Every structure is written in structure tokens, then in C-alpha cells.
Amino acid sequence: MSKRIKNKNINVTKTFLPPFYEYDSLIQKIWKNEWLTNRGDLLKELEKKLKKHLKVSNIIVMTNGTLPIQIALKFFGNNGEIITTPFSYVATTSSIVWENCTPVFVDIHPEYLTIDETKIEAAITPKTTAILATHVYGNPCNVDVIEKIAKKHHLKVIYDAAHGFGVTFKNQSIFNYGDVSTCSFHATKLFHTGEGGAIFCKGDDLYKEFFYRHNFGHNGPLNFHGVGINAKISELQAAMGLAVLPHIDFIIQERKKVVDYYNSHLNFSRLTKLKIREHTNWNYSYYPVIFENEEKLLEVESQLNKNNIFPRRYFNPALNTLPYINFIPMPIAESISKRIICLPLYVGLTTENLKFIIHIINKQL
Ligand SMILES: *Cc1c(COP(=O)(O)O)cnc(C)c1O
């Protein structure tokens, strides 16, 4: 037990890199085509393959996972109030503020950690235009109830599904729920293009609208459909996606092994793990654990750090406490944010290192 980890840091994640020759052969295509961006062959191939792999009816691959949220909010937000979760990455809230809308927080469910759908209706006002909720750690929100509430009050539903790659709920891609879903293909995410992301939406009209908007509003070289932004992804990034995608089943399998190992060896008498919603086929994207109090978390974190192990406090602080937000208490999200940490989880994390991490945590509990 507790063999030294030879000067190498163990971080919360490690980007999966495909064999170099596989990436190289795709990069050679770019040289042959002499075409670097503006929807080249590699991007078109990536979108086709992702559509098939995810079983979604449409996808626009973009340059990150934040712009699709902003594009959706620009279209649906109308400078109104957006009901949202305080427990997510900062991009969920900052996008609302950036688009001149007002975030209205609704606290989270204490076990699923997604927005508490039973508290949404009380937060709706005549100014509410949309709900922006996060499938945090790839754990689906209560999409059925949220859909009912949205229909009743004529609200749009946007899901920040940055963590949702490969997740299915009731045998459907999680990206098929809501009016719009967004994903991130950042290097720290399950499937990646270095930097990248995507938008998924209901119906052809919405797809066309978002398609124009992600490319300056261009409708042909000289015509403009409306106002737009540049959210295009380059061929260099598309090549990375094409190189990673064939390995995605392996990536998920390997991560499942790590998750299973944590599940069977951590001492859960004083730790809580994430509860995955029923009817979910999860993607093993994160391994959060919740401590009894923040002091305990800090003690364990400091012991791990001393041994070159760097978990991350995803997600802290709670977003209702951001300095540019009018603070309203969200007791559950604030409490969870202080006590939750994501443990290392990636392809290639050895059993020896896992044992070492678990030993340090269990000893400290
Ligand atoms: C990573 C992330 C984003 C932003 O994605 P980028 O690709 O980094 O722009 C948005 N929301 C959540 C919940 C995320 O984790």
C-alpha cells in the first residue's frame, strides 16, 4: 500500500490523446485540401459521425461550449429572467448576464444535484422567458417535469449539457430534451476537440436559425439573415474530434472501471456519492464525493496535494454567490459547493494510484 507516485502529478482529469499517427493522417488531409475553416470536409464528417453516434436529429459543432449557450439565450432570453441552477460551472450564469438577461436561481436537489424542479414554479414571474438548467456531472435534470412546467408557462428550456456526451435518459440522447441543448468539447471533457462544443435543437427552423447565427448571420456570401456571431470551429479542431471519436467506447469503459473501483473501496460511512437519476445510462464523466463538512474536505485535499494528487472543487463557489449577482441564499447549493470535490478520473489511472488515493482519503475520514 501507498507506494510513491513517481513525481508525476495526478490531476482531476487527463486529456485523452489518440495515437499520434491517427491524428497526423487527418491533419495531412487538411494540407491536401488546403482548407482550414469555414465548414471544411473534416468538420462535415465530424458532424455526420456525431449525429449518428449520438442518435440526434441535428447538431452544429462550434468552437466551445459557452457560445452555444449565449446563442440560445440571445434567441430565447429577450432580456428577461432566466430560471437557472446555482450549481454548475460559471459559464452557465455568466452567459445569462453576458446576454443582458437576469439569472433567477432555484436551489438544487440534495442528492441528484440538478435544479430542484419542485421549486421552479414559485420562481416564475411575468418576466421569465426561459429555464437554463445543467445536467451536472452528466446527471439528467428531471426533464419530464421541467417540460410540463415550461409548456404550462410558455417558457423555453435550454439545457447546459456540457457534461452530457453519450448520456441517455429513457433510451434517448440527453441532447434530445429541451428546446436546445449545448455541449462542451473542451480538453477536460469526456469527448474533446481541444476547444469545442455543440448545439442541438428541436426542429429544422430552429436549426437554421442557429446555423445562421453561429456564422455571422451569413445567408450566402452577400446576404444576411440577421445578426450573428462567429462560433465556427476550425479543421484542426475537427481533426482532433475525428481522431478521438473512434475511441469513445473504450474511454467510457475505462472510466467505468475507475468509478466502480472508487464505489467499492471508498469508505461511504462518512462520504456521500452522487445519486444518478433512474432511467439514465450515465457516462462516468466525473467522480464527485461530498464530505460531512468543509474542514474535512480541506484536510483530505491537503493530504492529497502533499502527495501530488490534485482533485478539483467542481463546483465551488455556488453561482448565486458570484460578485456580480444580487445575492439570494441557496442553502443546499451553497452547502454542497463547500463540501464537494471531484476525484481523479481518466483513462490510464492505474489501480496502484487509485489504491493510493483511496488509502489517503479513507485514512483521513
Ligand atoms: C465546461 C463547461 C462549460 C463551458 O464549456 P467551454 O467549452 O469551456 O466553453 C459550460 N457549462 C458547464 C457546466 C461546463 O462544465
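Modeller: Two strands are said to pair if DSSP finds at least two bridges between them, and the strands themselves (E, at least two residues), like the helices (H or I, at least four residues), are DSSP runs numbered from the N terminus. The model is a predicted one, in which local features need pLDDT of at least 70 and side-chain atom pairs count only at pLDDT 80 or more, while totals for chains, interfaces and linings use all residues. Residues are numbered from 1 along each chain as its sequence is written, and side-chain values use heavy atoms, with hydrogens and water left out.

Strands of a sheet pair through backbone hydrogen bonds, in either a parallel or an antiparallel manner. Here, seven strands make an open sheet with mixed pairing, in the order β2-β10-β9-β6-β5-β3-β4. The edges are held by β2 (60-62) and β4 (102-105); each has a single partner strand, so one side of each is left without a neighbour in the sheet. From one strand to the next the twist averages 25°, where axes are lines fitted to C-alpha atoms, for helices over the stretch in contact, and angles run from 0 to 180 degrees between N-to-C directions.

Within this sheet, β9 (residues 180-184) pairs with β10 (residues 197-201) in the antiparallel sense, over five bridges. One of the residues involved is T182, whose bridge partner in β10 is I199. Helix α3 (residues 67-76) packs on the sheet and touches β2, β3 (81-84), β5 (128-134), β6 (156-160), β9 and β10; contact means heavy atoms within 4.5 Å. The direction of α3 makes about 170° with that of β6. Helix α4 (residues 90-98) lies across β3, β4, β5 and β6, and runs at about 140° to β4.

F76 is found in helix α3 and counts as buried because its relative accessibility is 9%; buried means under 20% relative accessible area, exposed over 50%, and partly exposed in between (1.4 Å probe, protein chains only). Neighbours within four places in sequence aside, F76 is in contact with T129, K156, I158, D179, V180, L206 and F210. The C-alpha atoms of F76 and K156 are separated by 6.8 Å, although the two residues are 80 residues apart along the chain.

Charged pairs complete the picture. The whole structure contains 14 salt bridges, each defined as a side-chain nitrogen of Lys or Arg within 4 Å of a carboxyl oxygen of Asp or Glu. In helix α6 (residues 204-213), E209 and R213 lie four residues apart, about one turn of the helix. These two form a salt bridge, with the closest N and O atoms 2.9 Å apart, and both E209 and R213 are buried. Salt bridges that share partners also join K29, E45 and K49 into one network. Another salt bridge links the side chains of R39 and E47 at 2.6 Å, N to O; R39 and E47 are both buried. K119 and D116 form a further salt bridge, their closest N and O atoms being 3.7 Å apart. In that pair, K119 is partly exposed because its relative accessible area is 36%, whereas D116 is buried, at 8%.
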